[in-house]
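Please put the sequence and the 3D structure side by side.

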Amino acid sequence: MKSKLFKLLFFFFIAFQIQAQELLPFVENYNKSDYQGDNQIWNVAQGKDKAMYFANNHYLLRYDGVIWEKYSLPNKTIIRSILIEGDRIYSGSYKEFGYWYRKDGKMHYVSITKNLRLFDEKDNEEIWKIFRFNGSLYFQSFNDVFIYDGKHIQRIKFPFLVSYCFVVDKNLYVASVEKGLFRMNGTKIAIPKGWEVLKNTVVHAIEKYNGKTYIFTQKRGIFVADKEGLKPWNNPLNETLKSNGINVAKFIKNNKLVVGTGNKGVFIYDFNANTSKNIDRNNVLMNNSVLSIGFDKEEDLWLGLDNGIAHVEVNSPISFFYDNSGILGSVYSVATIDKGYLIASNHGIFEFDSGNFKMMPNTQGQGWNITKIGSKYVIGHNDGTFCYENGALTKINNVNGGWNLSKSIINDTYFQSTYSGILLYNNASDLSQSKKIDGLSKPIKYVAQNKKNEIWAADNYRGLYRVFLDDNFKTKKVENITQLSKIKNDFGVKIFEFRGEILFLINNVWYTFNSITNKLEENELFNTNFKNISDVVAIDKNHFIVLQEGVLYHIYANENKFVWNIIQEKYYKGKLINENLRIFRSNNHYLLNLDDGFISLQLEYENKQNKGVRIEAYNNGELLPDESRIKHNTELRINVISGIYGASKPNLFYQINNDKKYVPISNGAVVLNNLSSGSHSVVIFKHDGANYDKVSSFEFKVSQPWYFSFWMVLLYLLVIAAVLFFYYKWNKLRYTQKLKLQAEELKHQREILEMELKKENELNIQEFEKHILELELQTKSSEVAGKSLSIAKQSEMIENIQGILDSEKDFNKLKSEIKKAIKINEVNKHEWETFETNLNQIHNEFIINLSKKYPHLTPKDIKLCVYLKMNLSSKEIAPLMNISFRGVELHRYRLRKKLSLTQDENLSKFLLSL
């Protein structure tokens with residue numbers, strides 16, 4: 001155990017005695033991937049159009065806060081220097097100088113030296129500096145200076161190698177690399193009295209400040225000129241500057257000096273506080289070699305680096321504490337102490353003092369909140385609660401997770417919300433004495449009191465509770481007010497105290513408690529003025545912070561009016577710790593925690609957002625005036641340019657075609673696609689959190705698509721006319737063909753009708769013939785019947801003759817009588833053949849069916865079947881078949897056998913059924 005403790009203490013000592021920066025201005029870095037140019041930035045200046053211009057080796061860079069533009073010289077040489085006067089941007093390069101001007105959204109170059117033959121072939125001159133002196137422009141190289149009065153160019157050659165020229169108090173100084181610093185008068189030069197010390201010294205800047213001339217040398221630091229001559233600047237910073245090399249220097253407002261070095265970034269010295277700050281790669285600067293310094297209208301710095309560009313907001317009311325090492329961790333709370341800061345982070349509790357911060361003993365782990373009570377600092381920690389006083393830290397209880405500590409509105413009692421409920425501190429002078437409020441053993445995030453024997457508690461997850469206490473702070477009753485008020489979405493309730501009143505922020509809606517109805521009611525004042533608020537933190541009774549749709553606003557309450565001041569999102573984007581915003585006020589500023597440090601903001605800060613924005617609209621790379629017309633289905637890019645790069649940059653939104661929805665403008669540009677044909681308008685608004693104020697607008701028209709152009713419409717009409725013409729022709733042809741087809745169809749129908757009539761006639765003829773045949777059949781049937789009767793009579797005659805034979809005795813007479821009777825009644829052979837033929841024709845179908853069904857029947861059998869079908873008796877059949885009655889009966893019997901009939905079946909009925 002001792003070994004582990006020793007290792008832990010050793011780790012603390014080694015790991016947390018580390019260097020850290022104090023508060024620094026906000027820095028925006030731009031690298032090559034942002035501006036798509038070269039490494040070095042040799043010169044920086046802001047134009048009349050508020051755009052920033054940079055001499056970037058082969059390119060002239062332009063940045064208006066929205067887009068980067070780059071331009072190269074016609075001869076593609078390196079641009080070393082720029083000077084801006086009015087609408088002209090003068091630039092100097094290798095054997096070339098001229099100026100740029102902007103037209104139609106693009107930069108155009110005009111050469112001053114073209115065709116003048118100022119430079120010899122052997123010259124190797126580059127223009128490193130451009131300045132105005134005595135009404136003329138000076139273009140300075142290392143060996144010459146070219147004086148341009150607008151019409152003529154005078155060349156003055158130096159007798160030595162020159163670093164730079166400087167204009168101070170209407171005097172022109174020339175810095176020689178080896179000979180020292182000279183004052184130039186016309187074409188004559190001389191070393192000022194007492195300045196001989198600068199021989200063999202490279203001078204990079206000369207500035208006048210408070211009546212004194214400061215000379216900045218590359219390796220010998222800063223010299224100050226007075227009546228007696230030059231003296232080294234008496235400041236500890238001077239030694240640091242000597243060792244790091246001065247490249248450039250400028251005095252800025254508020255009595256500050258900015259010095260850019262060769263390998264230690266930039267130093268900002270405050271003459272009022274006699275302190276300096278260093279911005280380099282150890283904190284926020286992208287590159288340690290500063291080549292140039294420029295200013296914008298806000299008097300913030302633009303640093304030209306050896307690799308990139310940095311925008312330093314030295315005049316912003318916002319400062320930052322950075323921890324790029326990650327050892328500090330995410331800061332959950334911060335407070336000012338006598339010599340620095342006290343910081344609670346997710347790694348522990350740290351003390352920052354004299355540029356160093358260290359972890360306090362036995363505090364490793366999650367720190368939550370720091371609250372100042374008199375001279376004491378109460379710190380809520382995962383392992384309990386600590387008290388910091390006079391540099392010493394003591395643990396006052398072991399209750400885990402002190403999220404927040406709040407003071408009662410009605411007395412000096414303090415309530416601490418913890419993982420397991422609420423702790424009460426009834427005596428601020430003795431914080432070691434605390435009492436746990438029973439009846440509410442759950443994670444409580446916020447606590448407030450504005451009425452005796454009653455407190456409000458917000459659960460860390462969901463729900464708002466009203467806790468009733470007796471005079472001894474014992475719990476009498478606990479009510480879930482959000483449930484009683486029938487508020488369904490009661491997650492993440494926040495309690496906010498404002499001028500003695502307690503408000504509750506629940507799901508972006510503000511509530512207050514109605515003691516008459518015992519329910520929460522929406523607060524009209526706050527719901528009207530503060531919409532879409534996700535978090536709120538009090539600073540004091542008249543100041544607080546709100547988080548609205550990811551943007552922080554500083555609110556100043558003036559009676560019932562609220563003054564909104566936006567805190568630009570770029571300062572904390574992606575760095576806010578959700579649900580854990582904490583504010584610590586210290587004199588005239590306040591601190592806000594971030595996940596990599598914290599912000600310091602001025603309490604009386606008023607962000608007067610610039611309303612003067614300019615619109616540049618581009619379509620297919622061309623700048624468009626207002627009310628222009630663009631082609632259909634092309635992109636329109638609207639750059640909304642404020643010319644403000646720092647804290648006062650306006651928060652802009654836009655509406656299109658009077659839509660009620662306000663759309664935030666991302667990165668200063670509105671990009672519109674897939675626009676319908678017709679007139680459109682884009683209106684730009686400045687949003688301060690409460691109101692939307694119109695600042696600009698742009699109107700334009702979208703042409704009809706090419707397929708709706710005049711010529712295309714004409715073509716469509718011609719095509720339609722041609723189609724109609726050909727349709728008419730086709731329809732006419734079709735009609736003619738239709739008539740022809742109808743004629744053919746009528747002819748065909750006529751033929752069909754004729755065929756039908758013919759067929760019908762044939763059918764009628766067939767019916768008629770059938771009828772004739774039926775008549776013939778009836779006739780033949782009659783004939784058959786007649787013949788049958790005739791035959792029957794003959795048979796009867798024969799029987800009579802037989803009777804005569806039996807009765808007559810006289811033979812001769814008998815013979816004579818018989819012959820006579822036979823002759824009279826003899827059947828004609830032809831008649832018999834006719835009879836059989838007619839009989840077969842009448843019963844032909846019956847004979848065929850009978851033969852198919854019973855093929856073994858003989859002709860006599862078939863003939864018998866025909867007679868039986870005619871319903872003739874055996875007696876009648878016998879003579880017809882020329883057999884006896886008994887022969888007929890015997891034949892009938894055999895026929896029944898052949899037909900396979902039973903005794904019960906009637907033969908005649910069976911034959912009739914066939």
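This is a predicted model: local features need pLDDT of at least 70, side-chain atom pairs count only at pLDDT 80 or more; totals for chains, interfaces and linings use all residues.

Residues are numbered from 1 along each chain as its sequence is written, and side-chain values use heavy atoms, with hydrogens and water left out.

Student: How many helices and strands are there in the protein?
Tutor: Helices (H or I, at least four residues) and strands (E, at least two) are DSSP runs, numbered from the N terminus. On that basis the protein has 13 helices and 66 strands.

Student: What is the radius of gyration of the protein, and what does the globule rule give?
Tutor: The radius is taken over C-alpha atoms, and the rule is 2.2 Å times the number of residues to the power 0.38. For 914 residues the rule gives 29 Å, and the protein is well over that, so it is more spread out than a compact globule. Its C-alpha atoms fill a box of roughly 215 × 95 × 60 Å along the principal axes. The radius of gyration is 61 Å, against 29 Å from the rule.

Student: What percentage of the residues in the protein is buried?
Tutor: Buried means under 20% relative accessible area, exposed over 50%, and partly exposed in between (1.4 Å probe, protein chains only). Of the 914 residues, the buried share is 48%.

Student: Are α9 and α10 oblique or roughly parallel to each other?
Tutor: Axes are lines fitted to C-alpha atoms, for helices over the stretch in contact, and angles run from 0 to 180 degrees between N-to-C directions. Under 35 degrees is roughly parallel, over 145 roughly antiparallel, 65 to 115 roughly perpendicular and the rest oblique. The axes of α9 (residues 844–853) and α10 (residues 859–869) come within 11 Å and cross at roughly 130°. The pair is therefore oblique.

Student: Which residues of α10 meet α9?
Tutor: Contact means heavy atoms within 4.5 Å. The α9 side supplies Phe846, Ile847, Leu850 and Ser851. On α10 the partners are Ile862, Cys865, Val866 and Lys869.

Student: Which residues of α12 make the contact with α10?
Tutor: The axes of α10 and α12 come within 11 Å and cross at roughly 100°. These helices are therefore roughly perpendicular. From α10 come Lys860, Asp861, Leu864, Cys865 and Leu868. From α12 come His891, Arg892, Leu895 and Lys898.

Student: How is α11 oriented to α12, roughly perpendicular or oblique?
Tutor: The axes of α11 (residues 874–881) and α12 (residues 885–898) come within 8 Å and cross at roughly 100°. That makes the pair roughly perpendicular.

Student: Which residue just after α11 takes a positive phi?
Tutor: The buried residues of α11 include Ile877 and Met881. Just after this helix, phi is about 60° at Asn882.

Student: Is Arg466 buried or exposed?
Tutor: Arg466 lies in strand β45 (residues 464–469). Beyond four places away in sequence, the residues that Arg466 touches include Glu454, Trp456, Glu479 and Phe513. Its relative accessibility is 6%, so Arg466 counts as buried.
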